[in-house]
Amino acid sequence: MKLDKSGGGPGGPYVILDVDYVNGAFVLVMHNVGSSPAFRPRVDFSRDLIGNGGELAVSDLPIWQRRGLLAPDNSIRVFLDSAALVLRRKGSKRFRATVT
């Protein structure tokens, strides 16, 4: 997954997208690891990420495009799917996420 800076210089915002494994599930985490607020961070995915038992395009949720502010050391966590369902799906599990 590709991680890009969300603006600012040293001491500015730095927003990343990570995938956490929590209690048998995968969770997408957008986190501002920088020291100042990130204004209008956006995440673009290289492909659709289907979750919630195959019923929801998690990558199309408005939170990835319409977030107004992400304060320093704050994060947004979005449930993707159970690990069992993700790993059972056919095809590549890889994707790229560009954070701007």
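Me: Which residues form one aromatic cluster here?
Reply: F45, W64 and F95 form one aromatic cluster, where rings of Phe, Tyr and Trp (its six-membered ring) pair if their centres lie within 6.5 Å, with planes under 30 degrees apart counted as stacked, over 60 as edge-to-face and the rest as tilted. This is a predicted model, in which local features need pLDDT of at least 70 and side-chain atom pairs count only at pLDDT 80 or more, while totals for chains, interfaces and linings use all residues. Residues are numbered from 1 along each chain as its sequence is written, and side-chain values use heavy atoms, with hydrogens and water left out.

Me: How many aromatic pairs are there, and how do the rings of F45 and W64 sit?
Reply: A search of the whole structure finds three aromatic pairs. The ring centres of F45 and W64 are 5.4 Å apart and their planes are at 80°, so this pair is edge-to-face. It links distant parts of the chain, since F45 is in strand β4 and W64 is in the loop between β6 and β7, 19 residues apart; helices (H or I, at least four residues) and strands (E, at least two) are DSSP runs, numbered from the N terminus.

Me: Are F45 and W64 buried or exposed?
Reply: Both F45 and W64 are buried, a word that stands for under 20% relative accessible area, with exposed meaning over 50% and partly exposed in between (1.4 Å probe, protein chains only).

Me: What about the largest nonpolar core, how many residues has it?
Reply: The largest nonpolar core has 20 residues, and those with the most contacts inside it are L17, L28, M30, V43, F45, W64 and F95. The elements giving two or more residues to this core are β1 (15-22), β2 (25-32), β4 (43-45), β8 (75-82), α1 (83-88) and β9 (97-99). Such a core is a set of buried Ala, Val, Leu, Ile, Met, Phe, Trp, Tyr and Cys residues joined through side-chain atoms within 4.5 Å.

Me: And what is V43 in contact with?
Reply: Leaving aside neighbours within four places in sequence, V43 is in contact with L17, M30, W64, Q65, A97, T98 and V99, where contact means heavy atoms within 4.5 Å.

Me: Where is V58, and is V58 buried or exposed?
Reply: V58 is found in the loop between β6 (56-57) and β7 (69-70), and V58 is buried, with a relative accessible area of 1%. Apart from neighbours within four places in sequence, V58 has contacts with L28, L49, G51, W64, V78, F79 and L80.

Me: Changing topic, how do β1 and β2 pair?
Reply: β1 and β2 pair in the antiparallel sense over eight bridges, and two strands pair if DSSP finds at least two bridges between them. They form a hairpin with two residues between them, and N23 in the turn has a positive phi of about 50°. One of the bridges joins D18 to V29 in β2.

Me: What does the side chain of N32 reach?
Reply: The side chain of N32, a residue in strand β2, reaches the backbone nitrogen of G34 at 2.9 Å and the backbone oxygen of S36 at 2.9 Å. N32 is buried, at 0% relative accessibility.

Me: And H31, which side chain does a polar contact join it to?
Reply: A polar contact of 3.4 Å joins the side chains of H31 and D73; the term covers a pair of N or O atoms within 3.5 Å, and within protein one must be able to donate a hydrogen and the other to accept it, while residues adjacent in sequence count only if both atoms are side-chain atoms. H31 is found in strand β2 and is buried, with a relative accessible area of 18%.

Me: How many salt bridges are there?
Reply: The count comes to three salt bridges, each being a side-chain nitrogen of Lys or Arg within 4 Å of a carboxyl oxygen of Asp or Glu. R77 and D20 meet in one of them, at 3.2 Å, N to O. R77 lies in strand β8 and D20 in strand β1, so the pair ties together parts that are 57 residues apart in sequence.

Me: What about R89 and D81?
Reply: The side chains of R89 and D81 meet in a salt bridge at 2.4 Å, N to O; R89 is partly exposed, with a relative accessible area of 27%, whereas D81 is buried at 2%.
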